[in-house]
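Please find below a short note on the model under review.

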Amino acid sequence: MPNSAARSTVLFIAGLMGLAGVAAAAAASHGADPRLLGSASAMCLAHAPALVALHAGWAHFRTAAIAALLLAAGTALFAGDLAARHALGHGLFPMSAPLGGLTMMAGWLAVTLGAFLPSSAS
């Protein structure tokens, strides 16, 4: 995927993630047990702005693409598993939430490593 398409995709995913986070928060406020959807909402609403920031700093942040990919995929797995548990009574697949959590952690590690690499705009 060309760099500009990847960058635009990150912003698109951030928007969808923010939308999902607000929708999950609204659904959690009307259900009997808000814990699963509340946690899914929190993950989406915490990582959507991070993706917007990666989009904004794309040219000056060498690890932006890999960090965005890992954060988006990890959040989708983690929040998706929690939402599936709420709606279906079971998760997406065994260990999907822990895998999502580890993937998000890898994304934040990629953000951290970006501090030590020269920017791609240099």
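The points below refer to a predicted model.

1. Helix H2 covers residues 35-56 and helix H4 covers residues 96-114; their axes come within 13 Å and cross at roughly 30 degrees. Because angles under 35 degrees count as roughly parallel, H2 and H4 are described as roughly parallel to each other. The crossing in which H2 passes H4 is left-handed.

2. Which residues of H2 and H4 meet? From H2 the contact involves Met-43, His-47, Ala-50 and Leu-54, and from H4 it involves Met-104, Trp-108 and Val-111. Sorted by class, this contact of H2 with H4 comprises 6 nonpolar residues and 1 polar residue, with no charged residues.

3. The unreviewed UniProt entry lists residues 37-58, 65-84 and 96-117 under "transmembrane region". In the model, residues 65-84 are 100% helix and 0% strand, with 28 Å between the end C-alpha atoms. Residues 96-117 are 86% helix and 0% strand, and the end C-alpha atoms of that span lie 31 Å apart.

4. Is Ser-41 buried or exposed? Ser-41 is placed in helix H2. Its relative accessibility is 5%, and since buried means under 20%, Ser-41 counts as buried. Leaving aside residues up to four places away in sequence, Ser-41 touches Gly-21, Ala-24 and Ala-25.

Technical notes. Residues numbered from 1 in each chain as written. Predicted model: local features only at pLDDT ≥ 70, side-chain atom pairs only at ≥ 80, totals over all residues. Heavy atoms only, no water. Axes fitted to C-alpha atoms, helices over the stretch in contact; angles between N-to-C directions. Helix = DSSP H or I, 4+ residues; strand = E, 2+ residues; numbered from the N terminus. Parallel < 35°, antiparallel > 145°, perpendicular 65-115°, else oblique. Left-handed = near helix turned anticlockwise from the far one by under 90°. Contact = heavy atoms within 4.5 Å. Nonpolar A, V, L, I, M, F, W, Y, C, P; charged D, E, K, R; others polar. UniProt positions renumbered as here; feature names shortened; annotations may be inferred. Buried < 20%, exposed > 50% of the residue type's maximum accessible area, 1.4 Å probe, protein only.
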